[in-house]
Amino acid sequence: METARVLVAADKFKGSLTAVQVAERVTAGLRRIAPEVPVDTLPVADGGDGTVAAAVAAGFERREARVTGPLGDPVTAAYALRDTTAVVEMAEASGLQHLPEGVFAPLTATTYGSGELLLAALEAGARTIVFGVGGSATTDGGAGMLAALGARFLDADGKPVGPGGGGLADLASADLSGLDPRLTGVDLILASDVDNPLTGPKGAPEVYGRQKGATEEDIAVLDAALAHYASVLGPDHARLPGAGAAGGIGYGALVALGARFRPGIEVMLDVLGFAPALARATLVITGEGSLDEQTLHGKAPAGVAAAARAAGIEVVVVCGRLALPPEALGRAGIRRAYALTELEPDPAVCMAEAGPLLERAAENIARDFLR
């Protein structure tokens with residue numbers, strides 16, 4: 001019989017545990033029941049928040065830079081570097097986590113700091129940049145990012161337009177000739193778990209604006225401003241998959257920086273070295289906080305399960321809450337799901353006690369699959 005070996009490749013449980021902590025807790029539970037079975041851990045992310053942490057856990061060096069936050073105040077943002085490959089997470093510079101509790105700025109929040117973070121990676125010698133986009137506080141089409149990289153966005157009087165998506169309504173001309181020349185020598189990969197276009201019913205303002213504090217009126221203003229912005233820079237790119245990612249920063253990267261879009265989890269599995277880890281495994285454990293319909297559309301567990309299924313390796317998932325029927329799990333290549341709410345029905349307790357509960361779930365996995 002084949003010797004068992006487990007690979008734990010799970011994403012974070014948002015609000016409870018980082019991906020690294022999930023891996024630690026699952027490993028602890030498995031070892032209690034099956035101490036003889038080797039366990040490899042590879043925390044994963046899909047391009048959103050937690051992407052830099054996953055790269056650092058896989059051996060990248062953590063670097064920090066002082067950049068402009070979404071409201072214009074300085075913030076400290078991290079990126080990851082290994083040799084000439086950098087992993088840059090836009091949420092580190094321009095994410096919702098930089099907004100004070102209850103404070104939103106849907107019309108004026110800027111991605112300027114994301115551009116500064118890309119510059120820091122260029123300065124550090126990066127020639128391949130995985131640009132993970134998600135969790136943004138912004139809807140400026142990446143104009144702030146491009147301005148930090150040397151672009152100029154001017155109104156009819158030749159003055160720079162105001163920050164954020166709202167300011168783009170005044171855009172009369174865009175000058176990209178000042179973009180940092182080093183960008184032409186870089187392979188910039190836009191890593192995202194969303195494939196929305198820039199504007200329209202499936203666009204960035206309509207689909208994601210409300211979670212950034214936008215009213216219905218703000219959404220209409222932002223959609224019109226971004227459509228106008230795209231008419232100046234190039235409307236064709238606005239319809240590409242990923243253009244609407246992270247408040248349209250995807251569009252800015254695609255139209256002006258020559259980025260190429262790839263599903264975030266696919267890119268990250270490549271970067272993190274998933275294939276060699278998978279080749280050693282007989283069982284894969286993946287997961288995230290909420291396993292739901294969104295999971296199946298490019299989130300980390302779906303990507304891990306697809307890769308494992310292609311290699312003929314069994315997959316189980318751990319999650320805080322499970323909102324998928326067994327047939328949907330089966331279609332995704334997942335043999336079984338272990339939800340913390342099965343052990344503790346109160347969601348608040350589940351969040352607070354996620355670590356110990358996850359260890360108990362892992363003990364159950366060990367009993368079911370390793371004994």
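These legends accompany close-up views of a predicted model.

View 1. The sulfur of Cys319 lies 9.6 Å from the closest cysteine sulfur, in Cys350. A disulfide needs the two sulfur atoms within 2.5 Å, so this pair is too far for a bond. For Cys350, the closest cysteine sulfur is in turn that of Cys319. The disulfide count is zero. Cys319 is buried, at 0% relative accessible area. Cys350 is buried as well, at 7%.

**View 2. The largest nonpolar core.** This core holds 53 residues. Ile129, Phe131, Tyr229 and Leu257 touch the most other members. Helix H10, residues 245-256, gives the most to the core: eight residues. A second, separate core has 42 residues, including Phe60, Ala191, Leu272 and Ile334.

**View 3. The surroundings of Leu257.** Residues up to four places away in sequence are not counted here. Leu257 then touches Leu118, Met145, Leu146, Leu149, Leu179, Leu183, Leu188 and Gly252.

View 4. Strand S3 spans residues 61-68, and strand S4 spans residues 74-82. The two run antiparallel, joined by eight bridges. Arg62 stands opposite Ala80 in S4. Five residues separate the strands of this hairpin. In the turn, Gly72 has a positive phi of about 100°.

View 5. Arg82 stands opposite Thr85 in S5. Two residues lie between the strands, and Asp83 takes a positive phi near 55°.

Key: Residues numbered from 1 in each chain as written. Predicted model: local features only at pLDDT ≥ 70, side-chain atom pairs only at ≥ 80, totals over all residues. Heavy atoms only, no water. Buried < 20%, exposed > 50% of the residue type's maximum accessible area, 1.4 Å probe, protein only. Core = buried A, V, L, I, M, F, W, Y, C linked by side-chain atoms within 4.5 Å. Helix = DSSP H or I, 4+ residues; strand = E, 2+ residues; numbered from the N terminus. Contact = heavy atoms within 4.5 Å. Pairing = 2+ DSSP bridges.
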